[in-house]
Amino acid sequence: MLNASQASFFSLAAYLDSGLFRYLCFLVVVCLYVLILGCNVLLIVVICVNRTLHEPMYMFLCSLFVNELYGSTGLFPSLLIQTLSDLHTISAPLCLLQVFIVHSYGAVEFLSLAVMSYDRYLAICHPLQYNSRMTTTKIFWLIAVSWLYPSCAMFVSLSLISPLKLCGNSINKVYCDMHSVVKLACSDTALINIYGLCATFSTILAALLIILYTYTKIFVVCFSGSSQTRQKAVSTCTPHLASILNFSIAGSFEVSQSRFNMSFLPNVLRIFLSLYFLTVQPLFNPVLYGLKMSKIKNACHNLILNVENKHEAD
């Protein structure tokens, strides 16, 4: 028996023996990762360099796009290496790092979406007080809390996992997650399971209550307000609601697989469901907001035109 922090490596048992098909998988994963990097970096740059986008909503979007880069980078480099490898192993320190990134990414994503719903609530329900209530200091603290709370929660989780005595090193997934490591333990894991459930559901509950409250108020104002108010709500809230729905479905897949026995599902489907929230959401958000929000779309168009004009001038 070894401590989790003392184990030299973990074996990722969910990878299939795909033969030459692995090269096609590798190419697909590379293209997807490049797309995710390109789309998110483009929108981050556009928001940062364009003064007309230096508004609270776009600052929160920028934080969301940074989180997409953070989460996808915690998965894709390892996924690319494992796809071409014959032995699907990962060193213990890298496995624990991946646990930290994957779980903190999910919490930051949900809390960021909750913060954005609060921002939309103020903009639509209290437009005259919006600038006085959504100050620069408040923006900073809302973004800071949405990142610091998950990070602190994961530091505590890793401090509880590291001393665990393990009776194996085989994880039945294509990446490391906390519950898969904990299931390998020979010692009592009641404290870790209780803490994990409390941390997970407190994050989900807090974010969900904020989203439900703010959107209830928004819908009330929309139904009783002018057509201009409804148009403003539709243009800014539609991509946000779509993002919440997509991530909630993706998160439900992941939580279900971690907590329940899903062996009755085909292995390929289990792999797809476990990867969904780390592969689809990081591409879904920038594409959705880039296409749906006219200010971002116009700013991207102008940036690309400026780059092309500079190249022609050179």
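How many cavities of 30 Å³ or more does the structure hold? In this predicted model, the structure holds two.

## Cavities

The largest cavity contains about 60 Å³ of space. Its lining consists of Met57, Phe60, Leu61, Met116, Asp119, Arg120, Thr236, His240, Tyr289 and Met293. At least two lining residues come from each of H2, H3 and helix H8 (227–259).

## Nonpolar core

The largest nonpolar core comprises 83 residues, of which Phe10, Leu61 and Ile218 touch the most other members. Helix H3 (residues 92–125) contributes the largest share of this core, with 19 residues.

Leu61 is among the residues lining the largest cavity, and Phe10 lies on the covered face of strand E2.

## The three-stranded sheet

An open sheet is formed by three strands in the order E3-E2-E5, with mixed pairing.

Strands of a sheet pair through backbone hydrogen bonds, in either a parallel or an antiparallel sense. Both senses occur here. Strand E2 (residues 9–12) pairs with E5 in the parallel sense over two bridges, and Leu12 has Ile171 of E5 as its bridge partner. E2 and E3, by contrast, run antiparallel and are joined by three bridges; here the bridge partner of Phe9 is Ser91 in E3.

Phe10 and Leu12 make up the covered face, whereas Phe9 and Ser11 make up the uncovered one.

## Gln82 in helix H2

Gln82 is located in helix H2 (residues 56–84). Its relative accessibility is 4%, and Gln82 therefore counts as buried, the cut-off for that class being under 20%.

Apart from neighbours within four places in sequence, the contacts of Gln82 are Leu12, Tyr15, Leu87, His88, Thr89 and Ile90. One of these, Leu12, is on the covered face of E2 and is bridged to Ile171 in E5.

Conventions:
Residues numbered from 1 in each chain as written. Predicted model: local features only at pLDDT ≥ 70, side-chain atom pairs only at ≥ 80, totals over all residues. Heavy atoms only, no water. Core = buried A, V, L, I, M, F, W, Y, C linked by side-chain atoms within 4.5 Å. Buried < 20%, exposed > 50% of the residue type's maximum accessible area, 1.4 Å probe, protein only. Helix = DSSP H or I, 4+ residues; strand = E, 2+ residues; numbered from the N terminus. Pairing = 2+ DSSP bridges. Contact = heavy atoms within 4.5 Å. 1 Å grid on protein atoms, 1.4 Å probe; cavity = no way out; pocket = protein on both sides within 12 Å on 5 of 7 lines; lining within 4 Å. Points joined across faces, edges and corners; volume = space filled by probe spheres on them.
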